[in-house]
Amino acid sequence: MDNLKERVTIYEVAKSSGVSLATVSRVINNSGTVKEDTKNKVLAVIKKLGYKPSGLAQALATNKTTNIGVIIPSANYVYISNMLNGITEVCKDKGFTVSLYTTSHSREDALNCLERVIKSHVDGVIVFDDELNGEDLEVFNNYAVPVIDVNNSITASKIGCIPFGYEHLIKKIIEDNFTKGDKKMTFLHVHNAGRLLSRVENQFIKVHMHNDREYNIVNCDDSYQRTYQDFLERFKYVRKEYVIAYRDSIAAAVLNAATDSGLSVPEDIEVLSIIGTKYSSILRPSISNLHIDFQDVGKRAMYMLIDLINGTLIEKEYKFESVYVKKNSTKY
């Protein structure tokens with residue numbers, strides 16, 4: 001992934017074509033009158049050099065935009081909003097602006113975003129999207145666009161990363177339940193929830209199989225209302241259970257369904273949220289969770305990206321380990 005292709009400027013296109021900047025601009029924007037042979041010559045140079053036109057005048061003049069691209073699946077989740085707050089706080093302090101690209105959990109949208117980001121000539125990119133993998137990020141690397149990939153472990157000349165540590169902690173929590181608890185554990189599988197949930201689910205299954213313990217995997221919509229209704233039905237026949245949910249809102253749906261079914265938390269039903277947010281403390285009962293400060297993640301990602309842009313980033317991987325926050329929805 002270290003075969004770099006430096007970003008080409010409009011000046012290099014003009015020089016290689018033997019024409020003026022204005023002529024190149026007219027060809028790029030398909031405006032004005034340009035002779036057909038001149039147009040074909042410029043287009044051939046653009047293709048040969050791999051030039052990506054920029055819509056920003058400043059980028060055309062200096063190849064520096066002080067603009068950062070951020071690719072996320074959605075801004076609706078609290079933990080992603082927290083990360084964005086961290087990013088924008090550092091950007092404001094350091095004089096950068098942010099362009100936000102959302103992919104809506106779509107592989108096609110993610111690849112389109114990737115193309116748009118490259119064409120925008122941003123100075124760097126922060127990616128927190130499971131639809132883009134290492135091979136996709138190689139495109140950024142090949143164009144020498146600095147990237148910090150969040151929730152992944154990948155490095156290259158222009159790529160740093162921030163992985164998350166959940167597996168070791170979830171293993172300990174499960175094994176503590178084996179020795180101290182009295183409930184079968186259930187993991188809520190949410191479709192398209194991404195690699196973080198997938199890693200935790202795989203660890204959940206692995207620990208249970210290693211200890212020869214029974215467990216449940218229950219398919220769950222990423223929706224409070226649907227999860228609440230589903231668990232109202234489930235609690236008609238399941239009266240003791242330890243449920244591991246993806247987010248606080250899903251955990252809250254389980255807790256409310258338990259309470260409305262006449263069950264006691266945590267005596268009958270225990271619930272753990274994998275991604276804890278401020279709502280874990282606001283809800284009653286408060287929700288035990290695995291906590292990572294996503295605002296700090298955003299700040300760290302931005303500081304790493306600035307160093308990567310300046311060629312001063314030494315450690316290209318910084319891991320955030322989750323912390324178990326015991327609250328009132330679990331016994332131990």
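Helices here are DSSP runs of H or I with at least four residues, strands are E runs of at least two, and both are numbered from the N terminus. With that settled, to the structure. This is a predicted model.

I'll start with strand β1, residues 67–72. How many of the six residues of β1 are buried? Six of the six, so the strand is largely enclosed by the rest of the structure. Look at the two faces. Asn 67, Gly 69 and Ile 71 point one way. Ile 68, Val 70 and Ile 72 point the other way. Both sets are buried.

Now the partners of β1. Strand β2 covers residues 97–102 and runs parallel to β1, with six bridges joining the two. In that pairing, Ile 71 stands opposite Tyr 101 of β2. How does the chain get from β1 to β2? It passes through helix α5, residues 78–94. That makes a β-α-β crossover, and the crossover is right-handed.

Strand β3, residues 124–127, also pairs with β1. The sense is parallel again, over four bridges. Here Ile 71 stands opposite Val 127.

Asn 76 is exposed, at 70% relative accessible area. In sequence, Asn 76 and Lys 41 are 35 residues apart. In space, C-alpha to C-alpha, they are 47 Å apart.

Next, a helix pair. Two packed helices are described by the angle between their axes and the distance between the axes. For α8, residues 167–180, and α9, the axes come within 9 Å. They cross at roughly 35 degrees. Which hand does the crossing of α8 and α9 have? It is right-handed. From α8, the contact takes in Glu 167, His 168, Ile 170, Lys 171, Ile 174, Glu 175 and Phe 178. From α9, the contributors are Arg 199, Val 200, Gln 203, Phe 204, Val 207 and His 208. By class, that contact holds six nonpolar, three polar and four charged residues.

On to the backbone, and positive phi. Asn 151 is not a glycine, yet its phi is positive, about 70 degrees. Asn 151 sits in the loop between β4 (147–150) and β5 (159–162). Asp 212 is another non-glycine residue with positive phi, near 55 degrees. Its loop runs between α9 (195–210) and β8 (215–220). Buried or exposed, for Asn 151? Buried, with a relative accessible area of 1%. Asp 212, by contrast, is exposed at 72%. The cut-offs are under 20% for buried and over 50% for exposed.

Last, cis peptide bonds. Val 265 and Pro 266 are joined by one, with omega about 10 degrees. Where is Pro 266? In the loop between α11 (248–260) and β10 (269–275). The bond from Arg 284 to Pro 285 is cis too, with omega near 0 degrees. Pro 285 is in the loop between α12 (279–282) and β11 (288–291).

To recap β1: six of its six residues are buried, and it pairs in parallel with β2 and with β3. Thank you.

Definitions and conventions. Residues numbered from 1 in each chain as written. Predicted model: local features only at pLDDT ≥ 70, side-chain atom pairs only at ≥ 80, totals over all residues. Heavy atoms only, no water. Buried < 20%, exposed > 50% of the residue type's maximum accessible area, 1.4 Å probe, protein only. Pairing = 2+ DSSP bridges. Right-handed = clockwise from strand over helix to strand, strands pointing away. Axes fitted to C-alpha atoms, helices over the stretch in contact; angles between N-to-C directions. Left-handed = near helix turned anticlockwise from the far one by under 90°. Contact = heavy atoms within 4.5 Å. Nonpolar A, V, L, I, M, F, W, Y, C, P; charged D, E, K, R; others polar.
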